[in-house]
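Visitor: I would like to go through this entry term by term. For each label, tell me what it rests on.

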Amino acid sequence: MSSQSKLNRVAVVALALVLLLPLGGGTFAQPSPPPGQKAPATAPAAGAAKSDDSDVIEIIETIKQEQKKLPVTKGPPSKEKALLDETMWRAQLLEMTRKQQRDAEQQAKAAKNSAEAQMWQKEARLKADTAEGLKQSIVGTPQPPPRPAQTGQAAQAPPPASRSIEFNSGTFQQLKEANRQSTNDANQRDPGQLKSRATTEFGSGRAGAGGVALHKTATMQTPLDRARIKGAAVEDGRLVLIYGDQKIKFPVLEPQFLALAIRCVYGGEGMVAGTIVAVTPTALVLSTGKDLYGEVVWKKELLPSVSPTLKAGDKVELEFGPGVGALSMPEPSTNRITYYGPLKGNLLGKAVFESDMVFSMFWYGIHWKTGRPIDPAATPGFVSAIDVELKTPKPAAAKPAAAKKPPLAPAKNWWEDSGWFVWNPAEMVLQLSPKSGEFEFAKATMRATAWGWRDGVMRDNSVVEAKYLTDHYDELTRAFPALEQLREAAKAVAAVRWLKQNKVPLDLEWAKTYKLAAVETPELVPRFSVYVNRDDDGRPIVEKKEASR
Amino acid sequence: MSNLPRRLLVALLALVLLPAAAAAQQQQQQQQPEPPRWFWSSGLGLYVMSINDVLAKDLGLERAHGGLVLAVVRGGAADLAGIKPGEIVSGWAPDQIWTEDGKAGTIKVLRDKRDQTIALTSRKVAEGADRNLIRAAVPARAPRKVAVDPSGKGDYRTVTAAMLRAVPGDEIVLGPGRYTEAAFLSPGVALRGTERALVRIEPKAIWLMVGPGEISLSRLTFNGRGVGFEGVDKVTVTDCTIAVPDKQTAIFASGVKSLAVSKSTVSGAADSIGLSAFGSGVAASDSVFGNHGTAAIRLFNGSRGTLRSNLLNGNWSGVLVSDSTVDAADNILTGKFNPDAKTDHNAYGFWLSKSGATLTRNVVRRHEYGYYVTAAARPVKIVEATATQGRWGIVLIGSAAEVSDSLLMQNLRDGFYVANPDKDPPAGPLTVSLTRSTVSGNGTRGINVQKFRSVILRENLVEANGTGVLIADSTGIVENNTIVLQRTTGIYVTGASDVELFNNIVAFNSYGLLLDVAAKRSTGFNDVYGNFASKSFPLRDGNYTRVDRYTTRDGEKVRVDVYPAYDLKADTDLSVDPGFVKSGTDYSLKPDSPLVRAAGRNRKYLGAYEPAP
């Protein structure tokens, strides 16, 4: 901006102006004194707080100094320069007006008669008002002092936080505030600082909101004589119970799942060590270190067993495995998959991981890997939460205010505001088939559990969605075969846990030596954020179809 | 003159020429003689000046009586009835307001010291013909300086008398004092005050000049009513102060070829206008227009305005231009926008409709709309503009425009808004460009383009707005911009758009590029870096966000915004710290910035600032 020419031009205006308006919004006409009453020749001009120009000189000098600091760049105009130029113009006009005020005052003193003196005094008052308005247009309107609190009253409330845009500030104030804000914005958005802060806040690691827990122990529907249970073994890839002189085969189980189930349950590889940092009657938080699983929040009922006397500070080992979770990393939009138990790189790891990913695919209708929408038409059995919500009748009118839930108290720890969806076995029931003489699963069902550390953390429809997933698990397995594998894995784990619960001896050798197929299991995955357009009732908004052309 | 003042004046005419008894009673009540003022009758086609004792004395009349005929319209009813300028008329009953054609009546004319009754029939003066006036003949003489002084020390006590006897070239000098008459100005004279602060003109009607010729006013102070010019060739107003109250216009011009206002102060009140021009050529310079409740300057109906170095302060609107052209430079317009006030609406710095404009180095502050341009078929040029502390910076509706080197800063809503009107969109595509401008700290969007074809955004700094650039269902090029620190999105392109995004630096916003996959777009050579959708743990990568659709089993589409969307990253895009000299205040690139050597499309640099060689 060729501001210098601008400055010169407007300076001409300043010199040329003989009478200016009050710029601070004051009235133009000042009341004349009543007839016969002579105004004092030296009446102080309204608003004329200054008898010299020291304040103007200070302003002009400040502007000049600030102008010297301005960088010379080739590009869009700098706001500092534009505002300083405008401020300089106003300051010069102020200087000129003060001079005219003084001239008018002198004229009033030298007036030939009282009428002429009054005219000049009026002129001087107008100049003074104008000068004050000009000064305010530079440095802003002075704020009234705060009222002292009266007896019996609370002290005056502080003024509301200033908005980001001040509409009646002077140009100088505006410039200062604009610079303060943009510097503040720049600092707040500095990637280095953000990453550093995120690393600090990551702390010991916050386990993500989802996972798989294969905690369930099968129940045996057929009464067995415990005295006859001698042991168990794996023969030809089949788990068998040595029952007296009988060998009763368990159902056919995926050997890879079986081997890993044995390693976890009997071999202790599903145990996760850490320190209890919080515990309630229904849940606990286990700190395992940020390089392992972070701070893992677990619902007690999703553990095979847990001591009722656990307390914060206890160093314990808990049987999280086989299972999976996710850890939000300090790196943006990145999750680290945490496999509980020896699941990395094998089929069970893949099954639990992909099952976990079904949650996000269900909620948002996008694929966990690509972030692209899943096409239900091309994915038999797939339904997303969006479909479910749109099929659900609109909620009734808002409940009376009295029925509304009170807001939650502020959380003291990160997990208090979190909620989790966990795939876990619902019922695993074994029975001896009279027909085949082998054990078979009378029931093997899975469920999705939605839970939060505190009541009210989970949205109402989260519970609905969890129920939907539970009720439609079989359908979903068509779209996501991993869920079928998960059920198979859950059967294997449940059967092994039954053995363990009944203290049935089982040799680990087969499980340890079983060669697992190498399968890729991701360690870091993108954490997609998805925003679904919703109406005031929280329902997804369906876009209007384009009019036919 | 518009119809409204005409009607008003005719009504006033009836009041002034009341029967003598009524007038005497009125005078008694007021204690003061009514100052002279002019009246116009469209039915009779004449201008009449009421006469008080002072004017009567100035004119050499025996007593104040009736009205002095100032001028008659050639071919009008008065002219046809033989009424001459300079004659005294009276006996005008209030019920004989002749504004229609063919109404018969009588009027008294003082001839040979006796009232003579003349019958006449009204004949409404046609538009335009009212400026063809016959004025009182003045004996020829050499121009001279004429002194007017209310105290009687000059040649005349009244301006009216001086005017009536003036010849072209006369300089009428007003001495100190208060002038209450509403003068009817004669062509060819110059009116000058001895000392502006001491010459106070306080009439109850405007000072008016009608018809061809020139006039000059200088060093005068008008308080209460302004001045009006109709069909005048040339008007010069210099070093004057004109203050008008509510609903008044300080300077009115209709069909004036050249009106020049300079070094003057024009102030107003609620619903007042500073300068209002219809079909006139106007130049205003080095002047102050303040506190006008409607507008400081209005240029309508084919006017041509040149505005230079004026201060427009505390007006509701600054400059309103319709079906006209304006060339404005180096003006400062400060309004009274207060976002908390419920009454703020439609207050403009510059408002232009169907007009041409070149606006250079104007500062607009605290107007609800800084610059509002509608229906400009030819590009309006806005250069080195400042628009700040309003609700909107620059608004372009159905207009072509070239905006450059401007500062659009801290407006409550959008800095730069482009759209087509809801009704009657322009027939063909228009182009709007915004180049080398700074768009900073605006509340909602820095740049908002709605359903417009086409827009070019090039080499702009877009900083710390709500959203930086919104291209909504529009066509455009977004190139070589530095787009930083937005509270939400750097660049947002909606589905029905067709855009080119190249060579931009999009950094440190919450979301960098928010692109609807349905949009037609070509992108590349953008540096998209450090855009975080959250500022605390867990950080969310907002560099690229996809606006997509989830199709339900029933075929319904639901919008889903997904990020990060790495698939939107063009092969040529970069993601490196731009290395600004000082983020927040100086977005030029440090010498060691990785972008200094980066070449974008057409081998051009990235961002708005050309790296130092």
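Guide: Start with the inventory: the secondary structure of chain A comes to 13 helices and 16 strands. This is a predicted model, with an ipTM of 0.84 and a pTM of 0.88.

Visitor: What is the mean pLDDT of chain B, and what share of its residues reach 70 or more?

Guide: The mean for chain B is 90, and 93% of its residues reach 70 or more. In residues 1-31 of chain B, however, the pLDDT is below 50, and this stretch has 32 contacts in the model beyond near neighbours in sequence.

Visitor: What does chain A average, and where does its pLDDT stay under 50?

Guide: Chain A averages 83, with 84% of the residues scoring at least 70. Residues 1-49 of chain A stay under 50, and the model has 99 contacts for them beyond four places in sequence. Residues 151-163 of chain A are also below 50, with five contacts beyond near neighbours in sequence. Where pLDDT is low, the predicted coordinates should not be read in detail.

Visitor: What does Pro421(B) contact, leaving aside its neighbours within four places in sequence?

Guide: Pro421(B) is in contact with Ile397(B) and Gly398(B). The C-alpha atom of Pro421(B) is also separated by 8.7 Å from that of Ala375(B), which is 46 residues away along the chain.

Visitor: What makes helix 8 of chain A largely enclosed by the rest of the structure?

Guide: Buried calls for 20 or more other C-beta atoms within 10 Å. In helix 8 of chain A, 16 of the 18 residues are buried, so the helix is largely enclosed. Across chain A, 41% of the 549 residues count as buried.

Visitor: How do you know that the span of helix 8 of chain A is close to what is expected?

Guide: The expected span is 1.5 Å times one less than the number of residues. Helix 8 (residues 347-364) has 18 residues and reaches 26 Å from its first C-alpha to its last, close to the 26 Å expected. Gly365(A) follows the helix, with a positive phi near 75°.

Visitor: Why are strand 4 and strand 6 of chain A said to stand at the edges?

Guide: The sheet is open, with three strands in the order 4-5-6 and antiparallel pairing. Strand 4 (229-235) and strand 6 (246-249) each have a single partner strand, so one side of each is left without a neighbour in the sheet. Neighbouring strands of this sheet are turned by 30° against each other on average, direction ignored.

Visitor: What makes strand 4 and strand 5 of chain A a pair?

Guide: Pairing needs at least two bridges found by DSSP. Six bridges join strand 4 to strand 5 (residues 238-243), and the two run antiparallel. Ala233(A) stands opposite Val240(A) in strand 5.

Visitor: How do you know that both faces of strand 13 of chain B are covered?

Guide: In strand 13 (residues 207-210) of chain B, Trp207(B) and Met209(B) on one side are buried, as are Leu208(B) and Val210(B) on the other. Strand 13 is joined by four bridges to strand 16 (residues 227-230) of chain B, and these two run parallel. There, Val210(B) has Glu230(B) as its bridge partner.

Visitor: Why is strand 23 of chain B called mostly covered?

Guide: Four of the five residues of strand 23 (residues 281-285) are buried. Strand 23 pairs in the parallel sense with strand 20 (residues 258-262) over four bridges, and with strand 26 (residues 304-308) over five bridges, again parallel. Bridge partners include Ser262(B) with Ser285(B) and Ala283(B) with Thr306(B).

Visitor: What does each chain give to the contact, and which strand of chain B gives the most?

Guide: The contact takes 82 residues from chain B and 74 residues from chain A. Strand 56 (residues 557-563) gives the most to the chain B side, with seven residues. That side has 31 nonpolar, 26 polar and 25 charged residues.

Visitor: How do you know that strand 56 of chain B pairs with a strand of chain A?

Guide: Against the cut-off of at least two bridges, strand 16 (residues 529-532) of chain A and strand 56 of chain B have four, in the antiparallel sense. Ser529(A) has Tyr563(B) as its bridge partner.

Methods:
Residues numbered from 1 in each chain as written. Chains lettered and ligands numbered in written order. Predicted model: local features only at pLDDT ≥ 70, side-chain atom pairs only at ≥ 80, totals over all residues. Buried ≥ 20, exposed ≤ 12 C-beta atoms within 10 Å, placed from the backbone. pLDDT = per-residue confidence, 0-100. Contact = placed C-beta atoms within 7 Å. Nonpolar A, V, L, I, M, F, W, Y, C, P; charged D, E, K, R; others polar. Axes fitted to C-alpha atoms, helices over the stretch in contact; angles between N-to-C directions.
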